[in-house]
Amino acid sequence: MGMGLTIRGVEKRFGRQQALAGVDLEIRPGEFFSLVGPSGCGKTTLLRCVAGFCRQDAGEIAWDGERLDPLPAHRRNLGMVFQNYALFPHLSVRENVAYGLRARRQAPALVRERVGRALEMVHLAHRAHHFPGMLSGGEQQRVATARALAIEPRLLLMDEPLSNLDAKLRVEMREEIRRMQRALGITTLYVTHDQEEALALSDRIAVMNAGRLEQVGAPLDIYREPATPFVAGFIGHTNFLRGVVTAVAGGQATVSLQVAGTAPQGQERGQEGACQVWVPARELAIGVAVTIALRPERLSLGAPGAANSLPGEVEEVVFLGAVTRMRVGTAAGPLVVEVHGEAAGDIKPGAAVLLGFEGAAATVFADAAQGG
């Protein structure tokens, strides 16, 4: 098996704006790899540099050790699925899928074979003679994917291909994309701003921010062990508590939380004893300012036996079927808790509750003022 895609020290500027600030990345053969981050973080610029549509200012891009960046886009043998699909409205589905092969002057028999195979793969053989305007958004997306796959590229690039679809169709199409990718074993670089989409599709994810990689890893690792407050806040919902370490003993750190302006249940501002929690020390020292990241599902209701507990008042209750999401006001600020099944009972806004969590459930960042 080859080396896959290697990106080394890639930089790109647009005037005074640095879009990419020395990106280093390796994507393994057969891997489904996603670039995720907010708008303007550089993910699409990096994809376009790989595709050859954008020339980097510094660094190298290689496939199996062979430099790609000196080559024009049409000689890199890469398949591209664009956000707007870029289908030719005057060409039939079959002609759209055949376009890349004919541009490469492939033999007619080979074109027919590959187009037929690609359309079968995306379940659109029965639509071969239709035109793009006669198709649904999901069908157009599949035509664009078939066109990219027909040339049998060594690498498939996808730039937010599901962003124009409704929520239900997005879920259906991401499952279809993952099915095809696994069946073909094709290395795929996928760009999205939708963190849920990235978690569902990817073997690994790179979280980007301001032209840099914040963290690279498997979806579960990034969700459970975010490397920075930015990653914790961007991937999934996260509660942030801020405070200062006041004691360290027996592998645990005592953190005195920053008290919010309004405290529930008669608690006075400045009552620090009511806002102390215990977390694993992990090289923390007394006096260090910390940010504690806590996922909503790691909080529990009415847990007096938990290592940490915060009294609060329910401010909002949102029923989402299998999950009930509540915003609870506490002395340390509002926290979101997610309760599965019927554990939420008939809790209404205004109810007094006790939130509990174990210290090991939290991720602690030292000297991190950002990320909330």
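**View 1. The largest pocket and the residues around it.** Lining this pocket are 19 residues, and L78, F82, Y99, G100 and R104 are the ones nearest its centre. What you're looking at is a predicted model: local features need pLDDT of at least 70, side-chain atom pairs count only at pLDDT 80 or more, and totals for chains, interfaces and linings use all residues. Residues are numbered from 1 along each chain as its sequence is written, and side-chain values use heavy atoms, with hydrogens and water left out. A pocket here is an open set of points on a 1 Å grid over the protein atoms alone, with protein on both sides within 12 Å along at least five of seven lines; a lining residue has an atom within 4 Å of a point. The space in this one comes to about 540 Å³, where volume means the space filled by probe spheres set on the points, and points are joined across faces, edges and corners. β6 (78–81), α2 and α4 each give two or more residues to the lining. Helices (H or I, at least four residues) and strands (E, at least two) are DSSP runs, numbered from the N terminus. By class, the lining splits into 13 nonpolar, four polar and two charged residues.

View 2. Of the 17 residues in its lining, R224, E225, R298, A361 and T363 sit nearest the centre. α7 (219–224) and β14 (289–294) each supply at least two lining residues, with α7 giving the most, three.

**View 3. The one cavity.** A cavity is a set of grid points where a 1.4 Å probe fits but cannot get out. Around it you'll find F32, T145, L149, L156, I177, M180, Q181, L184, I186 and T188. α5 (167–184) and α4 (137–150) each bring at least two residues to this lining, and α5 gives the most, with four. Seven of the lining residues are nonpolar, three are polar and none is charged.

**View 4. The largest nonpolar core.** A nonpolar core is a set of buried Ala, Val, Leu, Ile, Met, Phe, Trp, Tyr and Cys residues joined through side-chain atoms within 4.5 Å. Buried means under 20% relative accessible area, exposed over 50%, and partly exposed in between (1.4 Å probe, protein chains only). This core has 33 residues, and V97, V115, L119, V143, L156 and Y190 touch the most other members. At least two residues each come from α2 (93–103), α3 (108–121), α4, β7 (155–159) and α5, and α4 gives the most, with six. Apart from this core lies another, of 32 residues, including L257, C275, V328 and F357.

**View 5. Two loop residues with positive phi.** A210 has a phi near 50 degrees, a positive value in a residue other than glycine. A210 lies in the loop between β9 (204–209) and β10 (212–217) and is partly exposed, at 48% relative accessible area. E283 also isn't glycine, and its phi is positive, near 65 degrees. You'll find E283 in the loop between β13 (276–280) and β14, where E283 is exposed, with a relative accessible area of 83%.

Note on methods. Nonpolar A, V, L, I, M, F, W, Y, C, P; charged D, E, K, R; others polar.
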